[in-house]
Structure formats: C-alpha cells, structure tokens
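Please keep the model open while reading.

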Amino acid sequence: MLLVGSNEVERYIKEQGIRYFKLEEFLCRCGCGGVVIDSKVLDTLEKLRERLKKPVVINSAYRCIKHNRAIGGVPGSAHIRGYAVDIKALHSATRHKIVEFLLQKGIQRIGVASNFVHFDVDPDKPKPALWTYDRAKHVA
Ligand SMILES: [Zn+2]
C-alpha cells in the first residue's frame, strides 16, 4: 500500500507499531516536506532492524523529481514513486546480512554499493534484479 504524505505515513507508523523508524527519515532530503513510501518498505525495514539488532540508517527514501534530478538520480527512479530506500552499509559483513535478509523476505530488486544497499518494490521495473554501482556515477 502506497502511503502518500506525512499524515498517512505517520498514521501507519503509529497504527502498525513501527518502533524503529519515524516519519522524518522518509521525507525528501531537499526539505520540500514531500513523502511517499510503500508500506511494504516500512515493514521490511522494521523487520531488518529487528534482525540486525543495530540501527538501520536510511540515506535516501522518497525523492521529489527536483531533488532526484539535483543529485543525479536516474530518471524514473523508484525513489520518486516511494518504492525505494538506500540503507547505509559500510562493511562487507553488514551488506551481506542486509542482502541475505532481503532475499529471504522475497525482495526482488536490490542494488549494492560500497556504502549503501538499495532495495525497492517498484512493480513496474524488471525483476529479479541485483545490480552494483561500481562504474556508474548515478544514484539509483
Ligand atoms: Zn524534495
């Protein structure tokens, strides 16, 4: 279910008892106040946090079109439609734990960078897909 706007996201967090994440973490980072996020992404993050037993830091969740363009995100990025998050992951073992968890949960679109792991549930993009960011300068 796509949650659109601060009120819907906040209500979902409250009603579902999401403990480890708050609205602010999903807002567009340009300061526009925009937010769209699929509830499946929230649920997956909450379970991931429980599994890791360590803070899960979100580098990027929803992006408005302007912000996505400004940071060099790919046009039509899953972030624009609220289907994606980038999770900070600086260490090999952490990346492995995250990817293992995502695959167990049936997440079919995963991108691995040296400093974050992206996953999304965009219904309109090819899957299964597992990509890297080693040559590209863009942000998915
Ligand atoms: Zn924005």
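Two strands are said to pair if DSSP finds at least two bridges between them, and helices (H or I, at least four residues) and strands (E, at least two) are DSSP runs, numbered from the N terminus. This is a predicted model, in which local features need pLDDT of at least 70 and side-chain atom pairs count only at pLDDT 80 or more, while totals for chains, interfaces and linings use all residues. Residues are numbered from 1 along each chain as its sequence is written.

**The sheet**

On that basis, an open sheet of five strands has the order β3-β4-β6-β5-β7, with mixed pairing. Its edge strands are β3 (58-60) and β7 (129-132), each of which pairs on one side only. From one strand to the next the twist averages 25°, where axes are lines fitted to C-alpha atoms and angles run from 0 to 180 degrees between N-to-C directions.

| Strand pair | Sense | Bridges |
|---|---|---|
| β3 and β4 | antiparallel | two bridges |
| β4 and β6 | antiparallel | five bridges |
| β5 and β6 | antiparallel | three bridges |

Within these pairings, D86 of β4 is the bridge partner of S60, and D86 also stands opposite H118 in β6. A residue counts as buried if 20 or more other C-beta atoms lie within 10 Å of its own, as exposed if 12 or fewer do, and as partly exposed in between, with C-beta atoms placed from the backbone. Four of the five residues of β4 are buried, so this strand is largely enclosed by the rest of the structure.

**The whole chain**

The protein has four helices and seven strands, and from the N terminus on its elements run β-α-β-α-β-α-β-α-β-β-β. Its radius of gyration, taken over C-alpha atoms, is 14 Å, close to the 14 Å that the globule rule (2.2 Å times the number of residues to the power 0.38) gives for 140 residues, so the protein is as compact as a globular protein of that length. Along its principal axes the C-alpha trace spans about 40 × 35 × 25 Å, and 32% of the 140 residues count as buried.

**Helix α2**

The buried residues of α2 are V41, L42, L45 and L48. Seen down the axis of α2, these buried residues fall within an arc of 125° (that of the directions from the helix axis to the C-beta atoms), so they line one face of the helix. What covers them includes α1 (6-16), β2 (36-38), β4 (84-88) and α4 (92-104). After α2 comes K53, whose phi is positive, near 55°.

**Residue V112**

V112 stands opposite V117 in β6, and, leaving aside its neighbours within four places in sequence, V112 is in contact with R95, V99, V117 and T132. V112 and A84 are 28 residues apart in sequence and 13 Å apart in space, C-alpha to C-alpha.

Notes: Contact = placed C-beta atoms within 7 Å.
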